[in-house]
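Subject: Structure for your review

Hello,

Here is the structure I said I would pass on. My notes follow it.

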Amino acid sequence: MTLTSEKFWETLLTKIEEGRVIPVIGSGVIPIELDGRTEPLETLIARRLAKRVDIDAEAENGTISLHDVVARAHRQDPQEDYHSEVHGILRDLRTLAPPESLQALARITDFKLYISLTFDSLLLRAIDDVRDVRDPDQQHIGYAPNLRQVDLPAPLRQLNEPYVYALFGKACSAPEFVISDEDLLEWITALQDPDNRPQQLFDALRSHHLLFIGCALPDWLVRFFLRLTREGRVSATRASETLIDTAMPDQSSLVAFLDHFSPRTTFLDANPVEFVRQLEERWQKQKQLAAPAQLADVPADLRAGGVFLSYASDDTVAASQLQGALAGRQIDTWFDAQRLNAGASYAKVIERNIGLCGVIIIVMSRATLSRLQCWRDDDSSHADKKPYFLKEWELALARERLFAGSLTICPVYIDALDLHDAIIPEGLRKLTCESIPGGNAEEAFLDRIKKAVREQRKKGGA
């Protein structure tokens, strides 16, 4: 597979848009320009550590490995803890700005969880720059075998803030992050223990497509990692991954293994930084193309004092019937026939027209309350998943509380339901709810709505 494959991009972007992708970020996505070089941050740290401990660790091809530097330093002085040395080097580099590649990943807001295989905080800082992290200490989680309570705070679908999970630990003065092959062995051993494994994290990894970018992991570790994040044998599951790295051609045995036993794994021999650049560019273009199409059918703003018709998409047929009856009586009505949802832009349209209306008709049904119950049970901590009709209810109730008498709230029900159900907001339970079976409004109801519009317009001088 190559970066020119449109089929690859279409599939990947669809999965990202649906929230089914978790990026796994390695050092290859963190190029640092310093000391006259451009190299991965981990390589820069290795070079500086080698200088501190007086080791000539640079290979003939100009590469240098932190793991090799630590191993050689340990042979010289087995009693020294080099974690504090690495942490000190990172502190000296704390003024480094996150590279553009991390900024690009942070701008892809469909990502709610990032797995980091590095111990620095540059990815979280990039997300904070772009998306304003609410609680950096809590949203950057580092795993270590000797630590407890290092799981995600909730299942991935309930997270309403972006999180960075450092699988191999976060840099600190203690040996709680991976800098050597010996550390790596301890981490992998601990992760095999179900009692020491972050369960909610692994539930997320098993149920999502993993996008490995610039991870440069050894052959054995890739195999182990994939098996660890699957329910059973590699060949027996339908899980999928994409691995992006220029090292792929040099790992022919790994490629052959996964070709035989995991055909849903995709390899890209591509520069990780260039891949991220294209990924963000294509994601942004897709978002820009989608937004105008969604907003194009939004009705024009309501004339002040008119009717806002609030309903759930499950009740479109009944709501359309009611809207037709209102239109037949020449009652100005704001009615979104598509139940469009274009993110922040759409929310502003809703807020503006609820602010303009004099009457809001709230359509309720068994389907509406069932959706509301499901959200309360499963996703109430996730603001992004709140049903739009509930947001409309809350805006109307809030407006009436602030400006009593400025809005006539008229709840109606289109089928049999318990109007005292505790799932209905208290402000609505206190109001008289009229029965309009299937959205077929009687003339008396339409007369009352027309009168309410006239009265509200008199109050507002419209």
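Helix H6 is followed by Asp-132, which has a positive phi, near 60°. Please bear in mind that this is a predicted model. H6 itself covers residues 122-131, and its buried residues are Leu-122, Leu-123, Leu-124, Ala-126, Ile-127 and Arg-131.

One of these, Ala-126, is in contact with Gln-103, as are Pro-98, Asp-129 and Val-130, when neighbours of Gln-103 within four places in sequence are left aside. Gln-103 belongs to helix H5, residues 100-107. Is Gln-103 buried or exposed? Its relative accessible area is 14%, so it counts as buried, the cut-off being under 20%.

Strand S4 spans residues 113-116 and is covered on both faces. Leu-113 and Ile-115 are buried on one side, and Tyr-114 and Ser-116 are buried on the other. As a general point, side chains in a regular strand alternate between the two faces of the sheet.

S4 pairs with two strands that I noted. With strand S1 (residues 21-25) the pairing is parallel, over two bridges. With strand S6 (residues 163-166) the sense is also parallel, over four bridges. Ile-115 takes part in both pairings: it stands opposite Val-24, and in S6 its bridge partner is Tyr-165.

**Helices H8 and H10**

The axes of helix H8 (residues 181-192) and helix H10 (residues 219-228) come within 11 Å and cross at roughly 20°. Angles under 35 degrees count as roughly parallel, which means that H8 is roughly parallel to H10. The crossing is left-handed.

Which residues meet in this contact? From H8 they are Leu-184, Ile-188, Leu-191 and Gln-192, and from H10 they are Trp-220, Leu-221, Phe-224 and Leu-228. Sorted by class, the contact has seven nonpolar residues, one polar residue and no charged residues.

Regards

Key. Residues are numbered from 1 along each chain as its sequence is written. This is a predicted model: local features need pLDDT of at least 70, side-chain atom pairs count only at pLDDT 80 or more; totals for chains, interfaces and linings use all residues. Side-chain values use heavy atoms; hydrogens and water are left out. Buried means under 20% relative accessible area, exposed over 50%, partly exposed in between (1.4 Å probe, protein chains only). Two strands pair if DSSP finds at least two bridges between them. Contact means heavy atoms within 4.5 Å. Axes are lines fitted to C-alpha atoms, for helices over the stretch in contact, and angles run from 0 to 180 degrees between N-to-C directions. Angles under 35 degrees count as roughly parallel, over 145 as roughly antiparallel, 65 to 115 as roughly perpendicular and the rest as oblique. A crossing is left-handed if the near helix is turned anticlockwise from the far one by less than a right angle, and right-handed if clockwise. Ala, Val, Leu, Ile, Met, Phe, Trp, Tyr, Cys and Pro count as nonpolar, Asp, Glu, Lys and Arg as charged, and the others, Gly among them, as polar.
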